[in-house]
Amino acid sequence: MSRKVIDHAAQATPPAVAHRIRGLSDRAIAWIFVAPTIVLLLAINVFPLIWTVWLSFTNYRVNRPNKEVEFIGLRNYERILTDSDTWLTMQATAHFLVWTIVLQVLIGFSLAYSINKKFKGNDLWTTIIVLPMMLSPAVVGNFWTFLYQPQIGLFNYVIAFITGVDPSSFSMIGEVSLAPWAIVIVDTWMWTPFVMLICLAGLRSIPDSIYEAAECDRASKWRQFWTITIPMVLPFLMLAVLFRGIENFKMFDLVVQLTGGGPGSVTELTSINLKREAFEKWRTGFASAYAVILFVTVFGLASIYVKALNRVKAR
Amino acid sequence: MKSKLLRSAAAIAVMTSVGVGFSNAAQAEDLTLCWAAWDPANALVELSKDFEAQSGHTMNFEFVPWPNFADRMLNELNSGGKLCDLMIGDSQWIGGSAENGHYVKLNDFFDKEGITMDDFIPATVTGYSEWPKGTPNYWALPAFGDVVGWTYRKDWFERPEIQAEFKAEYGRNLGVPETLEELKDIATFFQGREIDGKKVYGAAIYTERGSEGITMGVTNALYNYGFKYENPDKPYDLEGFVNSEAAIKGLEFYKELYDCCTPPGSSDAYMSANIDAYKSGQVAMQMNFAFIWPGVEADPNTGGGKSGYFANPAGPGGQFAQLGGQGISVVAYSEKQDAALEYIKWFAQPKVQQDWWKAGGYSALSAVVEDPGFASSQPYAQTFLDSMAIVQDFWAEPSYASLLLPMQSRVHNYVVAGQGTAKEALDGLVKDWDEVFEDEGKK
């Protein structure tokens with residue numbers, strides 16, 4: 001059938017065109033197929049990147065089309081790197097990144113390990129656990145602002161029930177010491193299921209025969225866990241860390257909805273700060289330099305990490 | 001084949017242009033007016049039906065909630081978008097919108113139609129229409145006069161047992177506060193008090209971090225303690241004015257008010273949060289823009305004489321209140337500017353302005369507010385007049401957003417997060433604003 005179609009298409013091709021195509025080398029034909037994708041990538045990825053780098057050396061403001069654009073060298077970079085507020089947002093981002101990843105990996109792996117065991121209602125529990133990650137971050141942010149409300153919030157009541165403190169005596173999103181943890185808790189609630197699913201895939205990829213062989217060798221469960229389970233799940237775990245790391249480095253919506261970067265600036269992550277520079281202050285050149293610094297940071301860290309991941313996989 | 005195609009194309013072009021010709025002859029346009037999503041906007045929708053009936057144009061509305069209003073609409077203007085033909089933009093946008101060519105200059109139109117700015121409340125003309133300030137260059141018609149004022153639970157204030165307790169504690173009668181210090185005393189008195197079996201709090205004030213909330217609140221304390229945006233004799237000279245001793249005291253006052261007298265969880269409160277706190281019977285007083293007052297009166301829990309209104313009380317440096325409100329402008333990128341100008345002409349009529357006030361909009365037309373019956377027309381009308389007489393506004397420079405963001409951050413850091421001192425916050429603000437004006441080439 002397919003042979004017939006090809007023959008028909010070949011006959012329908014005008015001789016001149018057919019001749020021209022026949023005259024092309026395999027390499028040229030390959031280029032014809034790849035060219036549209038390359039053009040698209042150049043247009044929507046590479047060109048904006050180069051343009052951003054150029055803008056980062058200027059004082060350009062997108063809301064001042066009539067103002068002359070000046071080349072100001074490294075001044076934007078110097079301002080960003082010597083600004084104490086920038087470093088505070090970096091610290092806030094690092095706090096958020098480290099704690100969300102640590103908690104999500106620990107809880108996600110524990111959940112996956114528990115779910116991996118065969119028990120009644122296993123599928124139902126898996127479905128229930130993954131529900132939070134299916135919600136929109138804006139909805140989750142809104143929903144948790146109510147849970148964190150000191151006077152009517154369920155979260156405060158639960159904490160009050162456990163500790164005996166007055167529920168309205170603390171505000172998770174209004175106090176400097178609590179707000180950074182408030183955003184960590186919500187992100188962990190939302191994205192632990194994602195880490196769990198990746199870990200579950202890793203756990204289910206381990207052949208039973210390996211555990212059977214270990215049983216024959218009288219290896220204890222503890223030893224099996226450390227010498228079989230962990231090493232074989234490690235590449236999956238590292239992948240989950242990479243995904244969550246990249247995602248949380250650019251975290252914006254959830255935190256804006258929850259705290260708006262406050263109180264003060266204690267939860268103002270780099271992406272929120274960047275958005276304010278670019279689309280509220282309209283300092284396009286400055287924001288471009290900021291974006292370049294963040295890009296280099298993420299790209300550099302991710303490259304090192306991917307190399308480590310490949311090394312683990314090779315083992 | 002080619003000539004057939006050409007003939008068909010020409011025929012379609014002729015038919016299209018004839019069609020366009022007919023539609024132009026009818027002169028009926030689909031106009032879009034952009035504003036914030038709030039009660040006055042709904043009133044304007046109703047009011048505009050009269051314009052539709054008179055002109056034959058159709059009005060569409062694009063309303064955006066306040067926290068996203070500036071972001072959404074300034075994006076629209078900066079990108080030269082054609083969504084809005086008419087824009088009721090915030091007062092602080094006027095400088096940027098004039099200098100960057102987003103708004104149509106209205107002087108010639110006003111002259112042609114006999115509309116004069118002398119007919120409007122002077123503060124609203126300066127605040128909403130002029131750029132540069134103090135010059136007769138008009139970019140908007142004052143559309144909605146607004147100002148920060150206070151609402152209080154008159155029914156609670158009038159209870160004999162509460163009055164007696166207050167007098168015993170403070171040695172004076174409980175009533176409308178004359179000064180900010182008195183306001184703090186009253187708020188402290190109500191904080192944590194039980195009324196009708198429910199714990200209540202002193203005052204709901206602006207503390208919002210994300211857009212402009214805390215700035216719109218704190219300025220009501222800063223102005224009244226002696227804060228100045230700049231040296232009156234030397235523009236853009238900030239040192240010693242923004243961070244003067246008096247300004248520092250004003251900022252400290254606002255923090256004390258936040259610490260002593262707000263309900264728990266008030267770290268990010270703006271207009272709607274304060275309305276909710278007040279209407280639910282949680283607070284004795286609320287700071288808010290005047291636009292909410294018709295809603296307070298209409299609510300069965302707070303209306304019908306249960307609420308009273310007062311202008312922002314005086315401080316050691318005088319009595320001022322933060323200006324709100326907006327002017328209506330024609331967007332320069334609109335292709336329907338003639339129809340949009342027709343709308344402004346219709347809106348400027350005294351009869352329409354009178355109806356605007358009745359519908360819940362705050363007219364800025366002097367003839368409306370100076371009418372002998374105006375002050376008694378609503379329980380809040382006199383307070384509105386008193387407040388409009390003492391207004392001050394935030395920077396309306398083209399770089400207003402760059403000036404607003406550091407103020408939000410510095411003030412929130414001190415007042416809500418409790419980091420650093422008032423002096424450090426205002427010194428930091430001077431540094432940030434200096435940097436903005438240096439970038440602008442104004443220093």
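Which residues in helix 2 of chain B meet which residues in helix 15 of chain B? This tour of a predicted model reaches them at the third stop.

Residues are numbered from 1 along each chain as its sequence is written, while chains are lettered from A and ligands numbered from 1 in the order in which they are written. In this predicted model, local features need pLDDT of at least 70 and side-chain atom pairs count only at pLDDT 80 or more, whereas totals for chains, interfaces and linings use all residues.

**First stop: where the chains touch**

Display both chains. There, 20 residues of chain B are in contact with 23 residues of chain A; two residues are in contact if their C-beta atoms, placed from the backbone, lie within 7 Å. On the side of chain B that touches chain A, the elements giving two or more residues are helix 3 (66-78) and helix 18 (400-415) of chain B. Helices (H or I, at least four residues) and strands (E, at least two) are DSSP runs, numbered from the N terminus. Select helix 18 of chain B, which gives the most to this side, with 6 residues. By class, the side of chain B that touches chain A has 5 nonpolar, 12 polar and 3 charged residues. Here Ala, Val, Leu, Ile, Met, Phe, Trp, Tyr, Cys and Pro count as nonpolar, Asp, Glu, Lys and Arg as charged, and the others, Gly among them, as polar.

**Second stop: the domains of chain B**

Colour residues 30-146 + 324-392 of chain B as domain 1 and residues 148-322 + 399-439 as domain 2. Such bounds come from an automatic or database domain assignment. The centres of domain 1 and domain 2 of chain B, taken over C-alpha atoms, are separated by 27 Å. Between them, 23 residues of domain 1 of chain B are in contact with 22 residues of domain 2 of chain B. On the domain 1 side, the largest share, 4 residues, comes from helix 17 of chain B. That side of domain 1 divides into 12 nonpolar, 8 polar and 3 charged residues.

Select helix 2 and helix 15 (residues 350-359) of chain B, whose axes come within 10 Å and cross at roughly 140°. Axes are lines fitted to C-alpha atoms, for helices over the stretch in contact, and angles run from 0 to 180 degrees between N-to-C directions. Helix 2 of chain B is therefore oblique to helix 15 of chain B: angles under 35 degrees count as roughly parallel, over 145 as roughly antiparallel, 65 to 115 as roughly perpendicular and the rest as oblique. To answer the opening question, B:Ala43, B:Glu46 and B:Leu47 in helix 2 meet B:Asp355, B:Trp356 and B:Ala359 in helix 15. This contact has 4 nonpolar, no polar and 2 charged residues.

Is B:Gln322 buried or exposed? B:Gln322 is buried, because 27 other C-beta atoms lie within 10 Å. A residue is buried if 20 or more other C-beta atoms lie within 10 Å of its own, exposed if 12 or fewer, and partly exposed in between, with C-beta atoms placed from the backbone. B:Gln322 belongs to strand 11 (residues 321-322) of chain B. Show B:Thr219 as well: B:Gln322 and B:Thr219 are 103 residues apart in sequence and 6.4 Å apart in space, C-alpha to C-alpha.

Next, select B:Ala364, in the loop between helix 15 and helix 16 (366-369) of chain B. B:Ala364 is buried, with 30 other C-beta atoms within 10 Å. B:Ala364 and B:Phe144 stand 220 residues apart in sequence, yet 6.3 Å apart in space, C-alpha to C-alpha.

**Final stop: the backbone**

Most residues other than glycine have a negative phi, and most peptide bonds are trans. Zoom in on A:Gly262 and A:Pro263, where the peptide bond is cis, with omega near -5°. A:Pro263 lies in the loop between helix 12 (253-258) and helix 13 (270-279) of chain A. In chain B, the peptide bond from B:Trp131 to B:Pro132 is cis, with omega near -5°.

Finally, select A:Arg218, whose phi is near 60°, a positive value in a residue other than glycine. A:Arg218 counts as exposed, with 7 C-beta neighbours inside 10 Å. B:Tyr236 is not a glycine either, and has a positive phi of about 70°. B:Tyr236 is partly exposed, with 16 other C-beta atoms within 10 Å.
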